[in-house]
Amino acid sequence: MSQASPAPVVPSAAAPAVEMTHRQILEALSGLLLAMFVAMLSSTVVSNALPRIVSDLHGSQTGYTWVVVATMLAMTASTPIWGKLSDLFSKKLLVQLALVIYTVGSLVAAFAPSMEVLIGARVVQGLGVGGLTALVQVVIATMVSPRERGRYSGYVGATFALATVGGPLIGGVVVDSALGWRGCFFIGLPFALIAFFLLQRTLHLPVIKRPVNIDYLGATLIVGGISILLVWVSLAGNQFAWGSTTTAVLVALGALLLIAAVYVEAKVAIDPIIPMRLFKDRTISLATFASVMIGVAMFGSTVYLSQYFQVARGMTPTEAGLMSIAMVGGLFISSLTTGRIISNTGLWKRYLVGGMVLVVIGLSLLGTIDDKTSLVAVGAFMAILGVGLGATMQNLVLAVQNNVSMSDMGSASSVVAFFRSMGGSIGISTLGALLSYQVADKVTSGLAAIGIDGSGAESHSVPDMSTLPDPVRAVFEHAFGASIGELFLVAVPFAVVALVCVLFIKEVPLRTSNLDAEAEASPEVAAELHHAIASK
C-alpha cells in the first residue's frame, strides 16, 4: 500500500481517524478470511453429500431442495439484521457470535435422525452464515478505503474459491470414508474455533455507540413473506395443485406480507433493516436488482450440479468434487486477477460487464448438457461460468460500497448480500420444483416405455442408484441428466437481465479514502465529492 488505510470513521465531526498499517490489516484479515472460509464451507462441503443424505434419510427431491433452501433462507432473512447490528454494536463480537451460532447448527445437523431435524439444523447454520458473510464484508469496508479494497477483495475471492474447491473435495472424501455424510458437518468446527480466537487477538476496531432501534416488525414481515412464497413454490404441483385454493391463499398471504414490509420499511420503522432511501441511488438500485437475478441464475442452477454428476453420471462424491474444480478454478483466477487490476486502476465496470457476458454464455452452454455429454465439454462450460462469476460477484458489492457513506456501509453492503441470497433462495426453490416435476415426468414416461408403471410418489423420489436394475437406472440417469441441463436454460434469461442492469450502472472511479464525517452529514456534499473524483 502506498499509504495507510483509514479505519472506521465515527459519525461525529470531531471523531479522530484511526489508521491501520498494511500489516495490521493483514493480521485482522486472517481471522476474517477464516470466518468467511467457514461460511462458504458450510454449503460446499455438504453439496456432494446431499444425494447420499437424501437416500439415507429417505427424503424426496423436495427434501433435497430444502436442505439447501433452509440455509439460504435463514441467511437471507438474517443478513440485513446482522448488517444493521454492525452499525450499532461491536463488529468483532458479532462475528464471534455468528461463529458460535454456526457451530451449534453444525453439531445438531451432524446428529440429525431425520430430514426434518436436518432441515431445522440447517436453518440455525444459515443464521450464523448470514452473519459471517455480511459482517466480513462490512469489517473489510471499515478498515480499507474503496480504492484499496479491490486488492483485499481478491483475498476474499481466493478464500471463496478455496472453500468452493476444497469443500466438495473434502466432503466427497469424507462421505466415501467410514465417517459417512455426518462427518461433513464436523469439518468446519476446527476452523470456526481458530477463527474465533484469531479475531479476538487481531481485530481491534472502535465501537460506535448509537441508539438501538431494531426493526423487528420489518424483519418478521420480510421473512414471513419470502418463506410463504418459497413454501408455495416448493410444494405446488406435488402436495397440491398449482391452480388450487391453497395456492391462491399462499400467494396472496405472501404478497400481502411483502407489501406490508415495504410500507413498514419506508414509513414506520425508525431504523429500517432495508433503508428505502438507499434506492434513490441508481447504482445501488441497479446493483441490487442485478444481485437478485444473479442469485436466481447462479444458485438456482449450480446447486444441482453435484446431483447431475452423481445421479446422472454415476460418479462417487469424491469424483463429483473433482469435477467442481473446473468452475471454481475459473472463479479463483478471475476473482484474484480482476481484484488486482481494479485496485490498480480504480475502474471496475468493464469487468462487471465482461463477467456477466461470460455468465450468460456459460449458462447457455450448460443448458445443452444431458447424461451423454462429454465430461470435458461439461468441465469447459463450467470454467466459463466460473470466470464470469469471479469477475462479477465481489465487484458488484464493491461498486455499491463506493457510493455510500460509512454510516450506511453496513446497511448497504448487507442489502446487496440480502437480495443476492433472496434471489438464490427463490432460484433454488423454484428450479428445484421444476426439476422435481421434469424428472417425475421423464421417469414416468421412461418406465412406461420399458413396461413398468412409474406413476405415483416413486417418480418424485431420489433413489439409491446402485440398487436399481440397469434398465431402470438408465431411465433415472437420463431423467436427471436432461432435466438438470434444462435448468441452466431457464436460468439464462435471469442472467441476461442482470447484464442489462450492469450496463446501465454509472461508473464512478473508486475513492482513495472513506467518506469523511462532513460528507456523511449531507448527501449533497457526498454527491459533490463523487463528482469531483469522477472528473479527475
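## Salt bridges

A salt bridge is a side-chain nitrogen of Lys or Arg lying within 4 Å of a carboxyl oxygen of Asp or Glu. By this rule, the count here comes to three salt bridges. You are looking at a predicted model, where local features need pLDDT of at least 70, side-chain atom pairs count only at pLDDT 80 or more, and totals for chains, interfaces and linings use all residues. Residues are numbered from 1 along each chain as its sequence is written, and side-chain values use heavy atoms, leaving out hydrogens and water.

Let's start with Asp 176 and Arg 52, a salt bridge whose closest N and O atoms are 3.6 Å apart. Asp 176 sits in the loop between helix H6 (146-175) and helix H7 (188-202), while Arg 52 belongs to helix H2 (residues 50-56), so this pair ties together parts that are 124 residues apart in sequence. Helices (H or I, at least four residues) and strands (E, at least two) are DSSP runs, numbered from the N terminus.

Glu 486 and Lys 442 also meet in a salt bridge, at 3.3 Å from N to O. This pair links distant parts of the chain, 44 residues apart: Glu 486 is in helix H17 (residues 470-503) and Lys 442 in helix H16 (residues 409-449). Is Lys 442 buried or exposed? At 18% relative accessibility, Lys 442 counts as buried, whereas Glu 486 is partly exposed at 28%. Here buried means under 20% relative accessible area, exposed means over 50%, and partly exposed is in between (1.4 Å probe, protein chains only).

Arg 473 forms a salt bridge with Glu 477, with the closest N and O atoms 3.1 Å apart. Both residues lie in helix H17, four residues apart, which is about one turn of the helix. Arg 473 is partly exposed at 25%, and Glu 477 is buried at 18%.

## A nonpolar patch

Now for the surface. Val 100, Val 104, Val 108 and Val 117 form a nonpolar patch there, with about 280 Å² of accessible area together (Shrake-Rupley method, 1.4 Å probe; for residues, only the protein chains shown count as cover). Patches are made of residues with over 30% relative accessible area and no salt bridge; like charges are joined within 9 Å, and nonpolar side chains (Val, Leu, Ile, Met, Phe, Trp, Tyr) within 5 Å.

Which helix gives the most to the patch? Helix H4 (residues 91-110) does, with three residues. Val 100 is in helix H4, and is partly exposed at 41% relative accessibility.

## The whole chain

The protein chain has 19 helices and two strands. Of its 536 residues, 60% count as buried.
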